[in-house]
Amino acid sequence: MSTTPEDLLRERRRRNIPVQRRTAVYVYQAPLRIWHWVNALSITVLAVTGWFIANPPPSMPGAASDHFLMGYIRFFHFSAAYVFAAAFVFRLYWAFVGNRYARQLFTLPFWRKSFWEELWHEVRWYAFVEKEPRKYYGHNPLAHLFMVVIITVGGIMMMITGFALYAEQTGLGSWQDQLFGWLIPLVGQSQDVRIWHHWGMWVITVFVMLHVYTAIREDVMSRQSLISTMISGWRMFKDDRP
Amino acid sequence: MPTATTETFYEVMRRQGITRRSFIKFCSLTATALGLAPSFAGKIAHAMETKPRTPVLWLHGLECTCCSESFIRSAHPLVSDVVLSMISLDYDDLIMASAGHQAEAILEEITHKYKGNYILAVEGNPPLEQEGMSCIIAGRPFVEQLQEVAKDCKAIISWGSCASWGCVQAARPNPTRATPVHEVIRDKPIIKVPGCPPIAEVMTGVLTYMLTFERIPELDRQGRPVMFYGQRIHDKCYRRPHFDAGQFVEDWDDEAARKGYCLYKMGCKGPTTYNACSTVRWNNGVSFPIQSGHGCIGCSEDGFWDKGSFYQHTTDTHVFGVEANADKVGLAAAGVVGAAIGAHAAYSAIALARHKVAGNADPTADRKSSHAGAGDQQ
């Protein structure tokens, strides 16, 4: 004797349990998903190598000619930085050619009242005041705000400060210097730029912590899928109430 | 241009006892120091023999005279001798023989006679608070003397970090409002030669370039001559291989310090400081701070007194008077956020469990029919 799903459904109807249909929407296209994971990887490499550039590991023993530790650390930092920057440029391009959700990272409906109301609802949901979150195809307003502030604005800040510092070794007249060298006298001096770049690392690190936590939590507790969405591209809804 | 009676550089030098041989040596040395081809030695010599010398007026504002001390100790005695006679400072109240009204009369005379054709070298800076009374020269605020002399000069050289950035007297809270020259004089080309003090050979090199070629050397965005300030100390540091290898001094008296490893972890500002110390060096090319075992303190950088400890790599950030270190705050923030996430996750799990318990107790737990659920529970 076996029970088929149809049997279960019939049983639920009989016992007056509402039928839950699971709907799904294709939200994140493949290039965007690839960008997300490339970005995640490059940020991880950047933060770890950045930490070691500011706080180098214990001294290497033996002759200097036998080692190139800081050289490698800096190489990986700069490589990851180029990947991050190139991916960012691609992401900007994708905002134009991708679907409507691809534009969220660069647009904030700042003047739309309902955005702030929904954002407040989301805050209350995290504060355990609201019983239930709302459903969103793309980012929820709170996530949307954070993405724009940290990934777009923060990312641009990190790229400008980063390339300005990089220009210090490529030298006067290099393209990095011509494009970004103006920042150093604007901020004060090289040390200031370094410190602000370093603060940026911490801001992004804390954001990543929050991002990973809320993604897992929303996946478990909200009414829609989160983590699998960034893998498959499909946003699945756990119920079909509005 | 000056009248025909004006002496050339060469004539001045000869009059001061410089031999022809020494003069030619100086020309070759200067060409090398400026990074020019050997053929330029002849051009420099020719220029010096034919061009009437450009007078240099050297003013002193709020300063400690370390620039002058450095300048008169120019590493190669030859250079120092020749340059001192070459520029034949028409006015430098520190080292000139005349004093008082006689000295001030020279200033008056040169600014009129060589109108638009003299170079103004400024050591130190003018304080602007209290109507400039914190620095009095010849009975008047220095800022007035500076403005008067600057009015008809060809160009200004800002000697040292005082004139270039403000230096210690402009450090927070800067009670006298000591102000770098470029913020007081805005209509003249200004060459910044920062450092506390600048290297003697850098000073003489810049002057020689300007006097021989009659033009301003190539400057970077901040107005410093690229030939001496185009690279960081770190870029040419002889300890750089230890940095790349990852070999650092961790303590002032550890084995690494004795072996001469990189001073990065001791807060060396070589990576953020633009100057020629690691190539030109100091005191006759004998040494420079890093070679002597101490990190660079970044004395030629803008506002170096206010940029945190000389002994920290990740220096403190001043936020409305409260100092914060990016690493300390960052680690603390990560810890607090991590703990908050843990607590939030735990509470979320409890809330979820409660929700499920409520859901199991009442099959119609969906909020549409929650009134029934509430009834069941009671």
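Good morning. I begin with helix α3 of chain B, whose buried residues are covered by elements including α1 (9-15), α2 (20-33) and α9 (200-213) of chain B. What I show is a predicted model, in which local features need pLDDT of at least 70, side-chain atom pairs count only at pLDDT 80 or more, and totals for chains, interfaces and linings use all residues. Residues are numbered from 1 along each chain as its sequence is written, and chains are lettered from A and ligands numbered from 1 in the order in which they are written.

Helices (H or I, at least four residues) and strands (E, at least two) are DSSP runs, numbered from the N terminus. The twelve residues of α3(B), 39-50, should span 16 Å at 1.5 Å a residue, and the end C-alpha atoms are 17 Å apart, which agrees; the expected span is 1.5 Å times one less than the number of residues.

Which residues of α3(B) are buried? They are B:I44, B:A45 and B:M48. These residues cover an arc of only 100 degrees around the axis, so they lie on the same side of α3(B); the arc is that of the directions from the helix axis to the C-beta atoms. On the other side of α3(B), B:S39 and B:T50 are exposed. Buried means 20 or more other C-beta atoms within 10 Å of the residue's own, exposed 12 or fewer, and partly exposed in between, with C-beta atoms placed from the backbone.

I turn to the sheet. Chain B has an open sheet of five strands in the order β2-β1-β3-β6-β7, with parallel pairing; two strands pair if DSSP finds at least two bridges between them. The edge strands β2 (91-92) and β7 (190-193) of chain B each pair on one side only. Strand β1 (56-60) of chain B pairs with β2(B) over two bridges, and B:L57 has B:Y91 as its bridge partner in β2(B).

Next, the loop between α13 (277-280) and β8 (316-319) of chain B holds B:P289. B:P289 counts as buried because it has 20 C-beta neighbours inside 10 Å.

Finally, the contact between the chains takes 48 residues from chain B and 40 residues from chain A, where contact means C-beta atoms, placed from the backbone, within 7 Å. On the side of chain B that touches chain A, α11 (240-245) and α14 (326-361) of chain B each supply at least two residues, and α14(B) gives the most, with 13 residues.

Terms used. Contact = placed C-beta atoms within 7 Å.
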